[in-house]
Amino acid sequence: MTTTFTTKTGVVDWLLSRGYFQDCPGLDRTAALLQQLGHPERTYPTIHVAGTNGKGSTTQVLANLLQANGLRVGTFNSPFITEFTDQVEINGQKIPAAAMVQLGNQLRPLVAQLDTQPALRGATEFEILTALALAYFRDRVDVAIIEVGMGGLRDSTNVIQPELTAITTIGLDHTAYLGNTLGQIAAQKAGIIKPNTPIVVGNVPEAALTVIQHQAQQLAAPLTVWSRDYRTRSLGWHHQAEHFTFEHSDLTFDHLATPLIGPEQVENAAVALELYVLYAQRHHLTLDPQRLAAALLQTRWPARMEVLEYHPLVMLDGAHNLHAIKRLKQTLLTDYPDYRLHILFSAIRTKNIAAMVTELLTLPQVTLTLTTFDDPRALKVADFKQWQDRLTLAPDWYPAYQALRAQLAPHDLLLITGSLYFASEVRARLKP
């Protein structure tokens with residue numbers, strides 16, 4: 001007999017016990033669950049966002065823009081930074097414990113039933129959570145923005161039939177699952193493109209764009225590309241915000257700013273703005289420049305160049321792959337050129353840690369401390385003894401953080417970066 005959940009913790013523990021990856025990724029298990037639930041994902045409009053980096057920030061900006069029009073907006077993001085249930089939100093409010101318990105009890109027997117079928121057994125944490133989120137949004141939202149977990153084509157979120165899709169960036173990440181070239185990874189991301197459904201593309205390399213364009217053409221999906229069909233002009237970082245203008249066809253929005261730090265956040269905001277304009281045109285929403293500008297300024301996204309302290313300056317950023325590290329490096333060079341940098345870095349072992357560390361060490365005025373954190377996938381400091389002449393090795397991140405913070409001068413910046421799982425642990429300790 002199946003035990004009934006009585007607490008949110010019980011549901012979360014059950015989800016985590018299912019594991020995050022499946023040997024055979026695909027849509028069948030999630031689709032089967034949604035069929036048993038009466039296909040809740042078909043009862044409201046959705047927007048699907050993929051990309052190597054930037055999809056979380058894009059989702060949050062777009063959600064704020066749509067909320068400014070009085071809409072109830074569901075968001076599904078991953079991984080979480082603060083709390084597991086932050087992945088499922090409506091208008092910035094995480095799913096309540098009562099809803100988690102109710103949906104957990106509804107889903108558990110359905111998952112058990114799938115486990116009796118060889119072709120459908122083994123539904124994972126993320127697959128079940130996808131079904132849970134899509135079911136939670138039913139009768140509660142006007143629109144939901146769904147962030148892809150990994151890739152796109154075989155990601156469990158690809159069960160939806162969205163009104164709009166987007167691919168923010170393409171870089172080398174999750175190569176064991178998605179492919180070893182930009183073209184192969186782009187083909188996986190482009191798997192979210194649906195027939196006759198508009199696709200918005202951000203700043204992606206030409207090799208990736210070629211693949212995306214081909215897929216869009218095959219499916220007659222209207223394609224909108226950054227710097228060709230819509231564009232931004234950066235006005236620089238000042239007053240704690242990135243300032244820019246946005247242009248789409250005959251529309252121009254001046255005096256825009258986002259508090260999310262880094263030139264790449266202007267590009268992420270541009271993808272969100274383009275999606276917003278297209279959605280507004282389809283649903284006859286008013287494009288009010290002042291309301292739009294105010295919504296942009298209200299966007300917050302933890303562990304994305306997040307300032308933990310101003311005096312001394314301590315920041316947290318989840319630059320979890322080489323593509324993100326290169327963008328982080330550009331942000332530091334652009335927005336903090338006069339600061340001495342102290343970087344506390346950790347990542348999970350599946351990442352190209354050597355390449356990420358090498359990239360960070362090319363920054364001027366930088367010292368780097370390599371550490372680990374409480375996760376079985378985290379790097380082992382002992383594996384990097386050959387790096388001791390180039391950086392500091394610290395077996396415990398918190399004492400290393402305390403020592404670095406204690407020595408900061410007025411024009412020093414302590415940046416804690418690497419895995420989003422590392423960022424989550426750090427944030428829980430430093431900003432509970």
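Modeller: First, a term: a salt bridge is a side-chain nitrogen of Lys or Arg within 4 Å of a carboxyl oxygen of Asp or Glu. This is a predicted model, where local features need pLDDT of at least 70, side-chain atom pairs need pLDDT 80 or more, and totals for chains, interfaces and linings use all residues. Residues are numbered from 1 along each chain, and side-chain values use heavy atoms, without hydrogens or water.

Biologist: How many salt bridges are there by this rule?

Modeller: The count is 15.

Biologist: Which residue does Arg405 pair with, and how far apart are the closest N and O atoms?

Modeller: Glu309, at 2.7 Å. Arg405 sits in helix α13 (residues 397-406) and Glu309 in strand β12 (residues 306-309), 96 residues apart. Helices (H or I, at least four residues) and strands (E, at least two) are DSSP runs, numbered from the N terminus.

Biologist: And Arg42 and Glu41, buried or exposed?

Modeller: Arg42 is exposed, because its relative accessible area is 63% and exposed means over 50%. Glu41 is buried at 7%; the limit is under 20%, with partly exposed in between (1.4 Å probe, protein chains only). Their side chains meet in a salt bridge, 3.8 Å from N to O.

Biologist: What about Arg340?

Modeller: Arg340 bridges to Asp412, with the closest N and O atoms 2.9 Å apart. Arg340 is in strand β14 (residues 340-346) and Asp412 in strand β17 (residues 412-418), so the pair ties together parts 72 residues apart in sequence. Arg340 is partly exposed at 40%, while Asp412 is buried at 1%.
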